Each structure stands twice: as C-alpha cells, then as structure tokens.
Amino acid sequence: MKQNPHYSGNYNNLVIRNITEKDIPHIVNLQRASFADMAAYGMIWPKSFLKSHIRIFPEGQFCVEIDQRIVGSASSLMVSLETDYMDHTWYDVTGNGLFLNHDYNADSLYCADISTHPEFQRKGIGTALYNARKSLATKLNLRRIIAGGRLYNYCKYSHMMSAEEYAEKVVKKKIIDPVLTFQLKNGFRFIKLLNEYLYDVRSLNYASFIEWLNPNYIHH
Ligand SMILES: CC(C)(COP(=O)(O)OP(=O)(O)OC[C@H]1O[C@@H](n2cnc3c(N)ncnc32)[C@H](O)[C@@H]1OP(=O)(O)O)[C@@H](O)C(=O)NCCC(=O)NCCS
C-alpha cells in the first residue's frame, strides 16, 4: 500500500484522515488510554464535543488508523489572537472546547489537543498528525500554527524549580519533557509560559505557548 506522505515510520498500513461521526466512540476510547490522568477527572472530549468539532471544522479534525484501529488523533480550530502572543486559557481559545469560536477568516490554526495511544507512541504517529496540520495550514494559507502544550512532567520538578526554569531547561535539552520535547522536535518554537491554562495535575496548569510559522504563507 502507498505510504502516507505525512508519515515516515515503519507501518505500511497507516492511514491519516479526517474524523467522521462513526469514529467518535473510538476517539473517546483512545483518549481514555492516552489521557488516562485527565480522563480520571472527566477531562476528555465528550462525544457531543467531538460531534461539534466535525460539524464546525471537519478539515481540522484528524485521526490515524492502523489496520482499521484508531491509534492517534488531533483536534484543531482556526483563531486570530488579538495580539500575536497574548495570554489565554485553553477554555477561552477553544470556546470551552466546543470550537463555536472557530473562524474561517482567522490567521492561525490552533491545536486543541493531540494524542497517540500509549502502545503506539514513539513511532512517528504524533509527528504524522503535526505534518497533516502543517499541510492543512498551507492549503488554507494560514500564517502559523499555535498551541498551548501542557508542561507534562513539570509535576516531577516543581519542588526544585519554577515552571519558567523547567521550560528553559527543556528548550536547552537539559531536561526531556514528553510533550514540549516532541513539539520542539516538530519545528515549533517555545514562546512563553501560559499560567492557569487548563486544569491539569501533571503540568500544575502551566502550558508552553508554541508557534510554527508557515514558510509557504502568502501575504495578500
Ligand atoms: C505527545 C504525544 C502525542 C507524542 O506522540 P508520539 O506519536 O509518541 O510522537 P512521535 O513518535 O512522532 O515523536 C517524535 C519525536 O518527539 C520526541 N518525543 C516524543 N515522545 C517523547 C517522549 N515521551 N520523551 C522524549 N521525547 C519524545 C522524540 O524526539 C521523538 O522522536 P524519536 O522517537 O525518534 O526519538 C504522545 O506522547 C501522547 O499522546 N502523550 C499523551 C497525551 C498528551 O499529553 N498530549 C499532549 C497535550 S494535548
């Protein structure tokens, strides 16, 4: 079978495509496994939210399938921030998770989440999802892709250093963080920390504001 242009790993039966309504129960199961800590306190997409994303911005909702099993997903919307690097929370920027604030005239693709099933991590699936997002940003001629990435392992270091110091050490490759290291590896730049971004016991609610500038963007 033809290899997907967004994927450079070893699976030759991998498909990246937009999510449809029939996928929703499988995406919920995926999230229970890949966001186990957040699922424990009810913070994964309910079915109705995923349905809302598909209705509002179908091209922005991606999943990865291997042998008809969904093993990764990424949800996005389009937004324009009032200023390029303004502080925001996950709740504000995603319309409380429903994407009702999605704007087809906006200049930025906003990554609301990304996850790979734990059994399939470190095989290039998250990278393939980001590549699909980069292609979409190019197709829609968006200026950039932005996100608030949860500072995943800060909970292990918070007794030793501030969140700023932690992020700085990850950027300098002195500490590896499963999420921020992954995002930097994918060509994103760390901009600054966002406080009280999302209720999350792992990051202590800190997120890293990250940005990828679209090299193909044409300013009209
Ligand atoms: C973050 C996440 C999506 C990465 O997905 P993935 O499919 O494992 O990522 P990839 O295989 O494409 O990783 C690409 C590179 O990123 C880096 N990376 C990814 N996961 C890493 C980890 N746990 N530790 C260190 N580096 C990591 C590596 O450099 C990796 O390349 P390598 O494996 O050749 O060394 C996945 O770990 C995940 O689902 N985490 C839980 C959910 C979550 O918190 N999501 C993010 C917030 S919304």
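Start with the shell around the ligand: its residues divide into eight nonpolar, nine polar and five charged. Here Ala, Val, Leu, Ile, Met, Phe, Trp, Tyr, Cys and Pro count as nonpolar, Asp, Glu, Lys and Arg as charged, and the others, Gly among them, as polar. You're looking at a predicted model, in which local features need pLDDT of at least 70, side-chain atom pairs count only at pLDDT 80 or more, and totals for chains, interfaces and linings use all residues. Residues are numbered from 1 along each chain as its sequence is written.

**Stop 1: around the ligand**

Select the ligand and what surrounds it: 22 residues in total, the closest being Thr116, Gln121, Gly126, Thr127 and Pro178. Now colour by element. Helices (H or I, at least four residues) and strands (E, at least two) are DSSP runs, numbered from the N terminus. At least two shell residues come from each of β4 (108-116), α5 (125-139), β5 (144-150) and α7 (180-185). Which element gives the most to the shell? That's β4, with four residues.

**Stop 2**

Click Tyr110 and you'll find its bridge partner in β5, Ile146. Six of the seven residues of β5 are buried, so the strand is largely enclosed by the rest of the structure. Buried means that 20 or more other C-beta atoms lie within 10 Å of a residue's own, exposed means 12 or fewer, and partly exposed is in between, with C-beta atoms placed from the backbone.

β3 and β4 pair in the antiparallel sense, over eight bridges, and Ala74 stands opposite Ile114 in β4. β3 is mostly covered, with nine of its 11 residues buried. Then bring in β2 (residues 61-66), which runs antiparallel to β3 and is joined to it by six bridges. Look for Val64 here: its bridge partner in β3 is Gly72. β2 and β3 form a hairpin with two residues between them, and Asp67 in the turn has a positive phi of about 50°.

**Stop 3: the nonpolar core**

Show side chains now. A nonpolar core is a set of buried Ala, Val, Leu, Ile, Met, Phe, Trp, Tyr and Cys residues joined through C-beta atoms within 7 Å. Of the 57 residues in the largest one, Val64, Tyr110, Leu129 and Leu151 touch the most other members. The largest share of this core, six residues, comes from α5. Zoom in on Leu129: leaving out residues up to four places away in sequence, Leu129 touches Phe62, Val64, Gly72, Ala74 and Ile114. Contact means C-beta atoms, placed from the backbone, within 7 Å.

**Stop 4: helix α1**

Select residues 24-34, helix α1, whose buried residues are Ile27, Leu30, Gln31 and Ser34. Why do they line one face? Seen down the axis of α1, the buried residues fall within an arc of 100°, so they line one face of the helix (the arc is that of the directions from the helix axis to the C-beta atoms). They pack against α2 (36-40), α3 (47-56), β2, β3 and β4.

Click Leu30, which is buried, with 23 other C-beta atoms within 10 Å. Not counting residues up to four places away in sequence, Leu30 touches Ile70, Ser73, Ser115 and His117. Leu30 and Ser73 are 43 residues apart along the chain, while 8.2 Å separates their C-alpha atoms.

**Stop 5: helix α6**

Jump to residues 163-171. In this helix, α6, the buried residues are Ala163, Tyr166, Ala167 and Val170. Looking down the axis of α6, you'll see these buried residues fall within an arc of 95°, so they line one face of the helix. They pack against α7, β6 (189-194) and β7 (207-213). On the other side of α6, Glu164 and Glu165 are exposed. After α6 comes Lys173, with a positive phi near 65°.

**Stop 6: two loop residues**

Finish with Asn96, in the loop between α4 (90-93) and β4. Asn96 isn't a glycine, yet has a positive phi of about 55°. Then try Arg122, in the loop between β4 and α5. Is Arg122 buried or exposed? Arg122 is exposed, with 10 other C-beta atoms within 10 Å.

Notes
Near = placed C-beta within 6 Å. Contact = placed C-beta atoms within 7 Å. Pairing = 2+ DSSP bridges.
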